Amino acid sequence: MVQSDTPLLEARGIAKYFGAITALHDVNFHVGHGEVLGVVGDNGAGKSTLMKILSGLYQPSEGELILDGKPAKFSSPKDARAAGIEMVYQDFALAGNMAIYENIYMGREPGRKFGPLTIIDHKKAREMAQNHLDNLHIHVKSVDQNTEDLSGGQRQAVAIARATAFHAQLVIMDEPTAALAIKEVGKVLDLIKRLKDHGVAVIIISHRMDDIFYCCDRVMALYQGTNFAESGLAETSRNEVIGWIMGTKGHTASLAHDRLN
Amino acid sequence: MIYSPKLSKFLETYGIILVVIAMMVVIAISRPDVFLTPQNLTNILKQNATLALLALGMFVVIVTAGIDLSVGSTMALSMVTLAIASRAGLPWPVVLLIGPMVGIVVGIVNGVGLTWLRLPHPFIMTLGTLNVARGLTYLVTDGAPVSGLQPEVRYLGQAYYDLGIFAPPAGIPASLILVAVCAIGLWFFLEKTNTGRHIYAIGGNPQAARVSGVNVDRVLVLVYMISGFMAGLGGLLLAGRTDSGFPNAGIGLELDAIAAVIIGGASFFGGRGTVIGVLAGVLIMGLLRNGLNINNVSSFWQMVLIGAVIIFAVWIDVIRRRAAVRR
């Protein structure tokens, strides 16, 4: 694991307005090299807007992003990718009609370039994909399988493999386990831990406390468009984090939630 | 059944060729004296060359889950424009370029209209240009055919090479060679280049293509350009074969092109299909027509049968896919 004093990515005073609507205001946070940060928050708290800013899909109205100590501006997902920031989408965003290896290298195909056109080296792409999947301990029958023939967990694994295929420093995952069968959740969470071992930082957006408490180092809550609370995982509890999601601090056993037991 | 992605891909690609061979055997048995003559075979290839080009263009569009209804009109517009240019005495290399250029322009209009105006479906945009291009075709010709083209312009549509073995008028048509060149070029583009693979990806999941950094709008404009180009080239062939540009050419031909693509195993919902399948689809339609013609079956029955074949071909595909899933 790579560690240094400057955080990998830092957000300072981020705000985002859509017309008269304030989606985010004064959001500050940081994520270190090889750190796994959980981001929680209720629907509409601004999680997805924040992630879209980090991945270059939106530009912040105010504030700045600092990458490795230097100000960074992403005007498109391509820029963010070039800087080593990748996104894994809740619905995986895979082309089901195409082979695993083609999905992994989509948009960045290996081969000979002639201007905007690349003559793809399919053989090399297959080998690269197989090696990369082996590295991450992801098992598939063949990299030639279409992704529509895979289970949800395998698809998520392929999506994560795509995100990490090119020296990613930070992978942002939107609800990585929401679309999975329960027996597959553990495998994906283990895969996330493995990324951390490879020195890749991960931001996980999740509603599931189990996910957060299984693989995060730190957790941060957004509430009504701003960061409400954060803590190292060891210094907090599920109940406290659930309280943050609902905009209350210091709540523990008194939550109605717990009495249902 | 043992599942092998390679075997299933092989069958998806080449199974259709078995159908073509089976049809040829059946027709040959029904009229052995006529069907297998070089002249008849040459005719089948020549008559279907234009449809093959239109179908190849339509195929690229259908792979993106789109549709291009304008190809028949675009072909007619290209055809009359180049006929007028030829009659006006423009040098023949220029006339040759005019056909495909007109097609490309209509394609750009389709692509840009679709992506900039954010129309809900390419059906709408190309339904518009179907009418616009046909109207323009009538306007520039006053509705009358323009005939008498330069010999160089007619060459691609009319020439054939008897290679010293076939008795005229039989031989390898120049139009067949043009179709083969286009098909191989298109195959290489779709299978081996990044843009070609992005076309398939857009058909499979446009959102996946977008988040992978593919400029979906730009690829779509290119796709409709290719379709227009092929329609223009088809116009050039037909103008050459008939030595004229007639404004009623290609009415309803877009539906034949769609039928050939679908019979050839491409998915109407995008992302699936092969160039070889499209050529097989064209041949299946051509052979069906020819087989019925030489057996003196009325052309009205031909329409009924082709309609039935379209439904049957897609049903076979549904069954095959269901079997592939239940491995």
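B:Val95 is buried, because 24 other C-beta atoms lie within 10 Å. A residue counts as buried if 20 or more other C-beta atoms lie within 10 Å of its own, as exposed if 12 or fewer do, and as partly exposed in between, with C-beta atoms placed from the backbone. The model is predicted: local features need pLDDT of at least 70, side-chain atom pairs count only at pLDDT 80 or more, and totals for chains, interfaces and linings use all residues. Residues are numbered from 1 along each chain as its sequence is written, while chains are lettered from A and ligands numbered from 1 in the order in which they are written.

B:Val95 sits in helix α5 of chain B. Helices (H or I, at least four residues) and strands (E, at least two) are DSSP runs, numbered from the N terminus. Not counting residues up to four places away in sequence, B:Val95 touches B:Leu82, B:Ala85, B:Ser86, B:Leu90, B:Gln150 and B:Val153. Two residues are in contact if their C-beta atoms, placed from the backbone, lie within 7 Å. From B:Val95 to B:Ala144, 49 residues apart along the chain, the C-alpha separation is 20 Å.

Helix α5 of chain B covers residues 92-116, 25 residues in total. Its first and last C-alpha atoms are 36 Å apart, close to the 36 Å expected at 1.5 Å a residue. The expected span is 1.5 Å times one less than the number of residues. A kink of about 30° lies at B:Ile98, shortly before the proline B:Pro100. The bend at a residue is the angle between axes fitted to the seven residues ending there and the seven starting there. After α5(B) comes B:Arg118, with a positive phi near 55°.

B:Leu287 belongs to helix α13 (residues 275-294) of chain B. B:Leu287 is buried, because 20 other C-beta atoms lie within 10 Å. Its contacts are B:Met23, B:Met24, B:Ile27 and B:Ile44, not counting residues up to four places away in sequence. B:Phe35 is 252 residues from B:Leu287 along the chain, yet their C-alpha atoms are separated by 9.7 Å.

Between the chains, 22 residues of chain A are in contact with 21 residues of chain B. On the chain A side, α2 (77-82) and β8 (117-120) are the elements that give two or more residues. β8(A) gives the most, with four residues.
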